[in-house]
Structures are given as structure tokens and as C-alpha cells.
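Visitor: Please walk me through this structure. I would like to start with the interfaces and then go on to single pairs.

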Amino acid sequence: MLDTAPVTHPATVREPFAQAYRWMLLARLLEEKLANLYRGGKINGGVFLGKGQEALSASLGMSLRKGDIFAPLIRDQAGRLAFGEEVIEAVRTYLGSRLGPMRGREGNVHRGRPQDGYYAMISHLGAMISVVCGGLMARRLKGETGAVGATCIGDGGTSTGSFHEALNLAAIEKLPLVLVIANNQFAYSTPNHREFACRDLVDKAIGYGIEGHNVDATDLDACLRVVGNAVERARSGHGPQMIVANLLRLAGHGEHDDAGYIPQELKDSPVGRDCLKLAECALLERGWMSAAELETLREETLRQIEETVATVQREPAPDPDQENWCALSNESLDDLFVAR
Amino acid sequence: MITYLEAIRAAQSKILADDPRAYIYGQDVGEFGGAFKATKNLAKEFPGRVIDAPISEDAMIGSAIGAAIEGLRPIIEIQYADFSTPGFNQIVNHAATLFWRTQVKCPITVRLPSGGTAGSGPFHSQSMEGVYAQYPGMVILTPATVEDAYSMLLEAVAIDDPVLFCEHKYLYYHLKAEGLPTEALPVGKARIARQGRDVTVVTYSAMVHECLAAAEELVAEGYQVEIVDLRSIKPIDTDTVLASVARTGRLLAVGEAWPWGGVTAEIVARVASEGFTLLDAPPRRLNAKNTPIPFHPNLWGTHRPTAPTIARALRELLRV
């Protein structure tokens, strides 16, 4: 089924729209803070922003529930928060706090709590899709039903062999997998026409024998509806769901990248609209939040972020002398000769 | 009598019977019973737990990682070790890093039918253990006997870390034992496969048997060759190796893999740095030739070390 019908009716209730907006705003402001810390030389490695992708990502995180599996990718700060990540986990990972979930062993977007269904991505694109498939196969083998597994990829990641192998596997096993493809028009600097030659990425769903959906990711109403529907279809036994979301990355690939390759015409076109601003206008127009309420929310969100960053900046960095330099859980199986 | 292959099948049957967390996933492993019949009848005995996979090694390993996160104990059969390369990324970058990054254990067992047989050619003959051993985060087992094929596979699935189980295809049918073992050395311990006083040969997997034959050749010449079967190449039991070299004063490391780096280089490096004063002669290595693995039995038989070439290397080493 290709669901390409345009969205004609906005959400008619305040929630979950307003809640999605809160996650989007928190993600946006948190990432702006992280970008500032990066520019101030306070962050080792890179900073990768989800600016422009918040509506899509928040919709996915909110559509999932406890017990589901979520393997976010690099531009999914909003979805991570909506799925249950605490702000401090993100900040600790970026700043390399010893108290963070990755304890300084990994940084930036390479974080998660797999034991809670929140898988930690590796950098190789497409790799997480089959891992989520395996998590879902395990649930089935254990006789557990009702869980959904969701993961995200970009337009560039669709060119990998891992993407193909995993989607084909998911289709064969009819797994409750939701794959969100954020087509933000550029894989780092490479435009769509150098990544794929099909009419629309959603056509790939036909080839795999799975259901595909398009969505305009600048439109929060549409994201909540299409993503929520896909998650429900996966949950109710309709097999893997592919969502192809159209948007523009409103930042560089990372904060080191000025994105000079993105043409101004594209930025000025409908795909270049800012989902956060559009959602804010909708909240005001629909009378769901006043300008004063929006301002208060913004101030409270900023305060929460500032307090968290201040806390983490006082936390200890990893200590090489305290580090356990063993990659195995069973330390008795470590190779003692090379372990020194 | 039970063959090495039957021991692998028997071990998997016992694992599936004893551990509800275990399942087998691989190409043709279901009703067909596997390309080598290592899973013969298991799909029937354990419905739903011996699952056919598409030809997608990357996704097979990736799915095993996900299942391990969810508490299961997947056994992945890669049809030939050579075909683990499309799954290389998930093995070395994901399975092997998961615990270190996240503190979540990754108890997957990847069975790699390894090594050469006559007529198998460049892409059905490889020994990948040295390549994988370069990466931290994995246990790598290379059983040389029927007993070890059985007991080490049982142990592999019980280990909480990723295990590459390098079973040798040449031994599948050639090697027979009276029955299944009731006790075994633990993983990480090498075995003295033959006692001797004149020279130590450190080897593993199918090469153990070539070395044993070479040792028999040298008996007539008055030499007693000691053979150390490593059993596990990660970790390597360096203590047993050094103790043997302390007794003999000479070292030959023999492997079926290629000569650049690898297990034999690691053995020589360890003995040279830790046991230099134990040596009466420069340590030596013998490996396959530095070309892809040839198809024709005449070429293949010369490409890898065999009893005559090992015996020749030993004679040279003993004359030093």
C-alpha cells in the first residue's frame, strides 16, 4: 500500500500536538546549546543537529511506548527525548562525563540504553535496521507480542547493502518494524540524484513487499498522523512499514560543516520551512497556546538545559587509570598477554 | 564412532534442548539441514528454533546482535567462513563493541566452517581467525578434535561474549572419535597433543593433524616433537606455549592461514619477547603460501602446510 494522499485535516485536539511541540522545542534548544559548547571548544569530536527533523522524530518517539524497541539515528534528538531519554544523558555523552551512559567510551549521538529497548547506534549506516529486526525476532521467539521496533535512516543510508538486507529480512519475517527514512535532500554534501535514481524512495517499499507511506516532515500534523498510523499498522500485524519523509536539513551535516552546497532556492522552497516555527504558528492560530505560554515554555526549557549543562560540567571526566581496559564481559577470557 | 561434524550437530541439539534462549539462524539450516548437514533434523526436533536465513550475512549477524540484546543466545551458521566478509562490519564493529560501549552483553556464537578441502578454491577455503583476532571484544575458538568440537561449542554458547567458532571443514568427515566427551579443558587452555623433548610445534585446528603426522615421520630420525594444540586463538594460552618451549628450546608455529601476521606471528612474537632466553634456535613459522587458495588438489596440497613440509621445516630447525 502506498499512502501518498495529502494531509487535508489538521489535528483537532491539542494533545498530542502540544506535547510533540514540547519535545521539538527541547530538542532544538538543547542542540543549540550543544552547538554553542562545540563552538566554544567544550566538546570533543562532532556535534550533529536534527534541526528541521524534529517534527518527524518527535512523532516517532511519541508513537512508541515502553516495551518497544527504538534505534534512533543521528538527527533524532527529539525522538530520543520522546522515547524516554533524559536531557542529562545526552549532555553527559557529548561532554564525556564519566557518569553518562557511555562513560566517555563513546560520544555524541552514539549512545543508548539497549537494556531498555533504546539501542545505541554504530556509525555504519543501515547497520541498526537488522539489529532491530533481530530484537523483534527475539520477542517473537520468546512468545511476546504487541511490541514494535522502530529505526531511522537518511536518504544516503538507503544506498547501503545493510539497508537492503535488513528490509528484505524484515519483509520475509513479517516483522513489526517501522523504518523512517528522513530524506533531507543531502547525504552530507551529496544530493539525491547522486544517491538514487528511483522516482521516490517510497517506491522501494513495493520491491520489498512492505507498506510505504510518504509524509511532509515540515508538517507536525502530518507527521503525527502518518507516523502514528504506521506504528499502529506494524503493531496490529500488517508487517514492516516504511515512511519516507521529505524535509531539508536546516544545518550542516555536523557543526563543522557550513552546508554551502545547499542552494538558496531549496531553502526558500516549501521543503525548507522550519517545522518548529510552523508548529508554533499552529499552536497560536488554533488557540492551543498563547504567546505568553510559549514564551514561558521557552524560558523554562532553556533553564532546564542550562542547569543540566552546569551540572554535567562539574562531573568527573573518565580517568584512564580507573578505566577497565577489557572489552569482554567475561574478564577471565581476556587475552592476558595483550591485555597489559 | 562419531565424526567431528556429527559432534557439532550433537552439541547444537543439546544446546537447543537445554537452553530455551538458543536458536539457530543460517542459510539452508532448516528442513534441508544445512549445506554440510550440521543441523540435520534439528528443525524437526526444535520447531521454530532452526530458522532459514536469506543470503544476507550482514543482516544475519545484525539480527543476532538484536536477539542477544533481548536475552537470547543465537547460533549463526555462516555457510563458509569466507562468506563472513559481508557480515564483517556487524561482527567487528557491532557485536565486538557492544559490551564495551553499552555494558549490555552480546552472547552470539558465529559458526565459521573454515579451512581448505581439495577442490574448494579461493572462496570456500579460507581461515579467517587471524583477521578477526585483530579486533578486541571476541573469543575465537579453533577446535582440532571431535571432543573439542563438541565441548567447545557447548561452552561457546554459554559464554556471555561474541564467539567465533572456527570449525574445520576438512575434519568434518575425516576425524572420528569413539564417543562424545564427558569432560573437557576449559576455553582458553591449550592442550599438549603430543609430548616431546626436542622441539615445540604450536598449531591449531586441522594443522594439528598434519603436525602429528610430521612428528611420526621424525621418530625414525630420533626426534621427539612436542605439539601444542592452542584450541583457542583468542585468548591464546601463552603460558602453556612458553612452558613447552622451556622444555624443548625450539619453536615452530604452524598455521593454515596466510603468512602476513596472524596467529603464527603472534606466537613467535610472544615467545621472542617473553621467552627469548629459552630458545636455542631462532623461532620459525610455517603458513600457507601468499596467494589466494588454489582450486586444483595438486596446487592446494602445496599451498598449505602438510606433514612433509612441516617435517622439512622441523628438520631444518632441529639442525640449527
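Guide: Buried area is the accessible area (1.4 Å probe) that two parts lose on being put together, summed over both. This is a predicted model, in which local features need pLDDT of at least 70, side-chain atom pairs count only at pLDDT 80 or more, and totals for chains, interfaces and linings use all residues. Residues are numbered from 1 along each chain as its sequence is written, chains are lettered from A and ligands numbered from 1 in the order in which they are written, and side-chain values use heavy atoms, without hydrogens and water.

Visitor: How much area do chain A and chain B bury between them?
Guide: The contact (heavy atoms within 4.5 Å) takes 43 residues from chain A and 44 residues from chain B. Of the buried area, 62% is on carbon and sulfur atoms. The total is about 3,700 Å².

Visitor: Which residues in chain A lose the most area to chain B?
Guide: Three residues stand out, with 17% of what that side buries between them. They are A:E165, A:L333 and A:F337.

Visitor: How many residue pairs are in polar contact across the interface of chain A and chain B?
Guide: A polar contact is a pair of N or O atoms within 3.5 Å; within protein, one must be able to donate a hydrogen and the other to accept it, and residues adjacent in sequence count only if both atoms are side-chain atoms. Both residues must be at pLDDT 80 or more. The rule finds 20 residue pairs.

Visitor: Which element gives the largest share of the side of chain A that touches chain B?
Guide: Helices (H or I, at least four residues) and strands (E, at least two) are DSSP runs, numbered from the N terminus. Those giving two or more residues here are α5 (127–141), α6 (161–173) and α12 (336–339) of chain A. The largest share, 10 residues, comes from α5(A).

Visitor: Which residue of chain B forms a salt bridge with A:R139?
Guide: A salt bridge is a side-chain nitrogen of Lys or Arg within 4 Å of a carboxyl oxygen of Asp or Glu. Chain A and chain B have 2 between them. For A:R139, the closest N and O atoms are 2.8 Å apart, and the partner is B:E70.

Visitor: How far apart are the centres of the two domains of chain B?
Guide: Domain bounds come from an automatic or database domain assignment. Chain B is divided into domain 1 (2–177) and domain 2 (191–319). Over C-alpha atoms, their centres are separated by 26 Å.

Visitor: Which residues form the salt bridge between these domains of chain B?
Guide: Domain 1 and domain 2 of chain B bury about 2,100 Å² between them. Across that interface the rule finds 1 salt bridge. Its closest N and O atoms are 2.9 Å apart, and the residues are B:D148 and B:R231.

Visitor: How many residues apart are B:E210 and B:R304?
Guide: These two form a salt bridge, with the closest N and O atoms 3.2 Å apart. B:E210 is in helix α8 (residues 207–219) of chain B. B:R304 is in the loop between α11 (297–303) and α12 (307–319) of chain B, and the pair is 94 residues apart.

Visitor: Why is the pair of A:F70 and A:F83 classed as it is?
Guide: Rings of Phe, Tyr and Trp (its six-membered ring) pair if their centres lie within 6.5 Å; planes under 30 degrees apart count as stacked, over 60 as edge-to-face and the rest as tilted. Here the centres are 5.3 Å apart and the planes are at 65°, so the pair is edge-to-face.
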